[in-house]
Amino acid sequence: MSEPRYIVGLTGSIASGKTHLTDVLRALGASVTDADEISRSVTAPDGAALPAIRDAFGDSVFFPDGTLNRHALSRIVFSDAAAREKLNGIVHPLVIRSLEEDRARRQDMLRETLADMETLHDSLNRDNDRMHRVELARARTEGDLKALRDRIWNTYEMTYAGAEE
């Protein structure tokens, strides 16, 4: 019989140190499941969330090839709380289901699992029986702020350079 696992949810804002903490925990032998990565996969081409996103937000948030236009969708959901809640209602259940499936697959593998969560924090607070505890990453060093600036600039360049081509 396997030992019970201790499950920790990690949350925090952008550039708060979540990636660094998960890297350290991986190095210590913890199993890490990244909810942001799952979220990207369910919204990737042919992702499970795309039909519901199209139904909820229309064709204007998709490129002609059918891939999600994240920039167009973000303009909508970051300016309208109801739209953001609608998107979260589509994506979060898919991510949570994937986390639970992953947890079941790993049941006998390791004692510790870390779920790296940023946007799922509110959903998990409403249904926190999935985690033994939730930790908040809050590191802010000059290096973190430089990484954030670089990430924002790279995203800006990719979004607008790609839109103009």
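1. Helix axes are lines fitted to C-alpha atoms over the stretch in contact, and the angle between two helices runs from 0 to 180 degrees between their N-to-C directions. On that basis, α3 and α5 pack at an angle of about 160°, and their axes lie 9 Å apart. An angle over 145 degrees counts as roughly antiparallel, and α3 and α5 are therefore roughly antiparallel to each other. Their crossing is right-handed. On the α3 side the contact is made by A52, I53, A56 and F57, and on the α5 side by A83, K86, L87, I90 and V91. By class, the residues of this contact of α3 with α5 divide into 8 nonpolar, no polar and 1 charged. The model under discussion is a predicted one.

2. The overall organisation may be set out next. The chain holds 7 helices and 4 strands, and along the sequence these follow the pattern β-α-β-α-α-α-α-β-α-β-α. Of the 165 residues in the chain, buried residues make up 35%. Among contacts between residues at least 6 apart in sequence, 72% join residues at least 24 apart.

3. Helix α3 spans residues 50-57, and within this helix L50, I53 and F57 are buried. Viewed down the axis of α3, the buried residues fall within an arc of 60°, so they line one face of the helix. After α3 comes G58, with a positive phi near 85°.

4. A second contact of α5 is with α2. Helix α2 (residues 35-42) packs with helix α5 (residues 81-105) at an angle of about 120°, the axes being 9 Å apart. α2 and α5 are therefore oblique to each other, and α2 passes α5 in a right-handed crossing. From α2, the residues A35, I38, S39 and V42 meet V91, L94, V95, S98 and L99 of α5. The residues of this contact of α2 with α5 divide into 7 nonpolar, 2 polar and no charged. V91 of α5 is listed in the contact with α2 and is also listed in the contact with α3.

5. L73, I76 and V77 in α4 meet A83, R84 and L87 in α5. By class, the contact of α4 with α5 has 5 nonpolar, no polar and 1 charged residues. A83 and L87 of α5 take part in this contact with α4, and A83 and L87 also belong to the contact with α3.

6. Is D36 buried or exposed? D36 has its place in helix α2. Its relative accessible area is 16%; the cut-off for buried is under 20%, and D36 is therefore buried. D36 and V95 are 59 residues apart in sequence, and their C-alpha atoms are 8.5 Å apart in space. V95 is one of the α5 residues in the contact with α2.

7. The loop between α2 and α3 contains D46. D46 is not a glycine, although its phi is positive, at about 70°. The relative accessible area of D46 is 79%, so this residue is exposed. A colleague inspecting the backbone may wish to view D46, with its positive phi of about 70°, together with G58, whose phi is positive, near 85°.

8. L10 lies in strand β1 (residues 6-11) and is buried, with a relative accessible area of 4%. L10 and A35 are 25 residues apart in sequence and 9.9 Å apart in space, C-alpha to C-alpha; A35 is among the α2 residues that meet α5. R75 is found in helix α4, and at 52% relative accessibility R75 counts as exposed. R75 and V61 are separated by 14 residues in sequence and by 9.6 Å in space, C-alpha to C-alpha.

How values were computed
Residues are numbered from 1 along each chain as its sequence is written. This is a predicted model: local features need pLDDT of at least 70, side-chain atom pairs count only at pLDDT 80 or more; totals for chains, interfaces and linings use all residues. Side-chain values use heavy atoms; hydrogens and water are left out. Helices (H or I, at least four residues) and strands (E, at least two) are DSSP runs, numbered from the N terminus. Angles under 35 degrees count as roughly parallel, over 145 as roughly antiparallel, 65 to 115 as roughly perpendicular and the rest as oblique. A crossing is left-handed if the near helix is turned anticlockwise from the far one by less than a right angle, and right-handed if clockwise. Contact means heavy atoms within 4.5 Å. Ala, Val, Leu, Ile, Met, Phe, Trp, Tyr, Cys and Pro count as nonpolar, Asp, Glu, Lys and Arg as charged, and the others, Gly among them, as polar. Buried means under 20% relative accessible area, exposed over 50%, partly exposed in between (1.4 Å probe, protein chains only). The arc is that of the directions from the helix axis to the C-beta atoms.
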